[in-house]
Structure formats: structure tokens, C-alpha cells
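Please read the numbered points beside the sequence and the model.

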Amino acid sequence: MRGMRFLQNYGVLLLIMIGSLIYRLLLWHHTPVYLYGDMYRYDAIARHLLVNGYMGIGAIPDAYCTPGYPLFLAMIYKISMWFHGGQLLSIARVAHETYFVQQILSISSILLAYLFAKELFNRYAGLAAALIYALYLPNTYVGELLLTENLFVPLSLLALYLAQLALRKKNVILYLIAGIVLGIATLVRPFVLPLMVLFLIGILWQARTGRLDSPTPYRVGAKQAGALLGGTVLVLLPWWIRNLIDFHHFIPLSTEAGNPLLAGVSPYFHTPFPQLAAAAKALNESQQTYAIHMIEQGFLHHFWLYLGWFLIGKLYFLFWSPWLYNYIAWVDGFHRLIVFAGGIAVIAGVFVRQMRLLAVSILFLLAMQLVFLPLDRYGYPLVILMGVLLPAVVAYGIAFRRGGNTHV
């Protein structure tokens with residue numbers, strides 16, 4: 001009886017996950033290794049960790065990027081060495097083995113999409129979210145790349161899902177775990193750390209409205225906030241200590257923020273990035289300082305041009321085409337359906353209590369991304385979150401029209 005009940009509840013989800021895994025492994029088996037750009041950097045850092053005992057892209061330690069993904073690669077490389085007589089294989093060989101691990105790991109995001117959308121409304125929304133994730137073709141290929149998205153997508157989904165659970169259950173342990181996961185996600189890509197502000201606002205709102213069901217709601221809220229912050233700090237602390245010892249000053253995340261900030265400063269890329277970087281170097285300024293100066297001058301002298309660029313101009317570059325497989329017509333169409341329908345779902349989700357956290361998180365992350373370089377790769381994680389929210393909002397709307405129960 002238990003087996004039958006399990007199959008009734010999770011049989012379709014298992015079919016989606018197994019089918020997706022088979023397709024991903026077939027893709028892994030038949031796709032040659034092709035490396036470019038940031039992939040070489042992450043490989044270099046992982047090799048320096050294993051061979052030379054330091055974290056850095058070049059010949060000396062640095063904090064150019066956060067350590068989450070390089071540590072993940074170094075762990076896989078180390079396991080690979082155990083199976084190959086202690087030798088660190090060529091980048092092509094070890095990358096192919098890494099792709100195998102990443103393709104298996106990617107299946108966890110299907111499960112998280114299901115659990116998250118189910119938490120937002122019901123299991124039918126969860127199944128729809130899992131199916132959207134499985135059918136969105138870029139998700140099948142991201143595992144074939146040595147890039148942070150392989151860790152960032154499941155970790156960001158998990159952090160938001162745990163925060164959603166914690167807000168509903170008002171559980172201190174869940175807040176602690178959510179903080180830990182958020183910290184790990186931050187070490188993979190710092191872009192996600194500002195979500196901490198939203199989570200804390202959620203805790204404060206529950207205390208203010210009396211939804212903590214306690215005679216001392218602000219005291220309970222303080223414990224929850226402390227658990228959330230404590231979990232995140234616990235994960236980030238070793239990175240802070242390492243940077244303080246190696247560089248003798250506090251580096252909270254990484255030193256690369258100025259690069260994407262400067263790259264996204266010129267409206268519609270009228271001024272090429274190499275020219276901007278050269279100008280910053282000629283003035284003996286960091287890229288971050290020069291980018292801030294450019295933004296200030298731009299708004300001062302060309303206000304409407306810069307306002308349009310930073311508000312809506314970057315949306316085209318972030319969302320019009322999928323990050324991968326953008327040469328296949330049906331993939332383009334499916335991607336744009338998710339983006340347009342998902343955008344409407346985000347606005348609608350702001351007005352639905354149980355979906356508000358995810359909807360506002362998407363808007364918040366989008367606002368953060370609009371400050372920096374707009375690339376379809378950077379829009380990709382937001383499309384994934386829209387794919388989770390969309391079926392929950394649709395299911396909510398159907399239930400609302402039918403006069404059914406719309407509360408989780």
C-alpha cells in the first residue's frame with residue numbers, strides 16, 4: 001500500500017527525473033569537451049589549489065572570485081586523481097569527468113523546482129514546474145560547462161525554498177539551515193547575498209503583524225534573524241579570515257565586482273569595454289571607481305539615456321534569447337513564453353501572500369543585475385525562478401476562479 005501511494009504521489013516526478021537523467025547522460029557521452037573564457041580560470045584555480053596549495057588564477061594567491069565553484073572542481077579533480085594513480089589529468093579529460101558529476105547534480109534542480117512550486121501552491125504546480133525545468137533545453141547542457149551555474153542554480157533554489165519553509169513554519173533551525181545554504185550560494189556567486197535583506201524583512205513583517213503567534217514576537221523574530229545571519233556568517237567566516245591573513249585587509253566577497261560593473265556602464269555598448277578598461281588604467285583608477293564615476297557623469301549629462309539603459313534597456317540583453325541553444329526556433333519560443341508569462345506571474349505573485357517572497361526575490365535580483373553587465377547567461381537563473389513561480393500562479397488563478405481553496 002505504501003509503495004502504491006508513493007507511486008501515485010511521486011511516480012510522474014520520478015519519470016520526469018529519470019527521463020531527464022538519461023537524456024543528460026546521453027548528451028554527456030556524445031558531446032566533446034569545449035572550453036572557453038571563465039572555464040579556464042576556474043580550472044586554473046582548482047589546479048593551483050591541488051598542486052600548489054593556494055587559491056588564485058595566476059602565480060600568486062588572489063581573491064578575484066569567490067571560492068565556491070573552484071573548491072567544487074578541486075574536490076572532483078581530487079577524486080579523479082584517486083582513480084588515475086594520483087595523476088591530475090589533462091583539462092579535457094578531467095572536464096569530461098566533471099561534466100558527468102554535474103549532469104547528475106542537475107537532476108536535483110528538478111526535484112527542488114517540484115518541491116518549491118508545491119510549497120507555493122500544490123503538487124500539480126510542482127509537477128508543472130519540474131516539467132518546465134526538464135523541457136527547458138539550456139538546463140540539459142549547462143552541465144557540459146565548467147561554470148558556476150551548475151552549483152548556483154540548485155543552491156539558490158534551495159536557499160529560497162528553505163526561506164519559504166522557514167517563514168511559513170517559523171522554525172529557528174530552518175532559518176539556520178537557510179542561512180548556511182545562502183552562505184554557500186554566496187561563495188559560488190556573490191550576486192545572491194542581498195537576498196538576506198528580503199529574508200530579514202520577512203521576519204520583521206511577521207513580528208510586526210503578530211504572525212509569530214508569540215507574546216514576545218520581536219524576541220522570537222530576533223532569534224530567527226540571528227539564526228539566519230549566524231548560518232551565513234558561519235560559512236563566510238573562513239573566506240574572510242583567509243583574505244585578512246593573505247591580503248591584510250577585509251575583502252567580504254571578491255575583487256572582481258568592478259569588471260562587470262564597468263562592462264555594463266555604457267548605454268547599449270556604444271563604448272567598447274576594452275576602451276573603458278584602458279581609460280580606467282590611464283587614470284590610475286580601479287574599474288569599480290571608474291565605473292561609478294562614469295555612471296555619475298552619465299546621469300548628470302545624459303539623464304534619460306542612462307535612466308532608460310539601467311531601467312529597461314538591459315532587459316533585452318538579459319532575456320530576449322536563451323543563454324544556450326538560441327539557434328533552435330522552438331527553444332527561443334519556449335524561452336520567451338517563460339519570460340513573458342513569468343514576468344506577468346512575478347507581478348501577480350507580489351499580491352499573493354504565499355508567493356510574495358519568491359516574486360519579490362526575482363524583482364530584487366533583477367534590480368541588482370540591471371546595475372551590471374547584461375548577458376543572457378546572467379538572466380538564466382532568473383528565468384529558472386520564473387519557471388518555478390509561473391505554474392504556481394497559474395494554479396492559484398484557476399483555483400481562485402473556481403472559488404476553491406487558494407491557501408497553502
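1. A residue is called buried when its relative accessible area is under 20%, exposed when it is over 50%, and partly exposed in between, with a 1.4 Å probe and protein chains only. The model is predicted: local features need pLDDT of at least 70 and side-chain atom pairs count only at pLDDT 80 or more, while totals for chains, interfaces and linings use all residues. Residues are numbered from 1 along each chain as its sequence is written, and side-chain values use heavy atoms, with hydrogens and water left out.

2. Arg-377 counts as buried because its relative accessibility is 11%. This residue lies in helix α18; helices (H or I, at least four residues) and strands (E, at least two) are DSSP runs numbered from the N terminus. Leaving aside residues up to four places away in sequence, Arg-377 touches Asp-38, Tyr-42, Leu-147, Thr-148, Glu-149, Arg-189 and Trp-323, where contact means heavy atoms within 4.5 Å.

3. Asp-43, in helix α2 (residues 38-52), is likewise to be classed as buried, because its relative accessibility is 7%. Beyond residues up to four places away in sequence, Asp-43 touches Leu-73, Tyr-77, Ile-91 and Leu-146. With Tyr-77 there is a side-chain to side-chain polar contact of 2.7 Å. Such a contact is a pair of N or O atoms within 3.5 Å; within protein, one must be able to donate a hydrogen and the other to accept it, and residues adjacent in sequence count only if both atoms are side-chain atoms.

4. Which residues have the most contacts inside the largest nonpolar core? They are Ile-110, Leu-146, Met-355, Leu-358 and Leu-389, in a core of 117 residues. Helix α18 (residues 376-402) gives the most to this core, with 15 residues. A nonpolar core is a set of buried Ala, Val, Leu, Ile, Met, Phe, Trp, Tyr and Cys residues joined through side-chain atoms within 4.5 Å. A second, separate core has 12 residues, among them Val-265 and Phe-310.

5. Leu-389 has contacts with Met-355 and Leu-358, among others, when residues up to four places away in sequence are not counted.

6. Helix α9 (residues 195-208) has 14 residues and spans 20 Å between its first and last C-alpha. Its buried residues, including Leu-195, Phe-199 and Gln-206, pack against α7 (149-169), α8 (172-188), α10 (217-247) and α17 (356-369). Just after α9, Gly-210 adopts a positive phi of about 75°.

Methods: Expected span 1.5 Å × (residues − 1).
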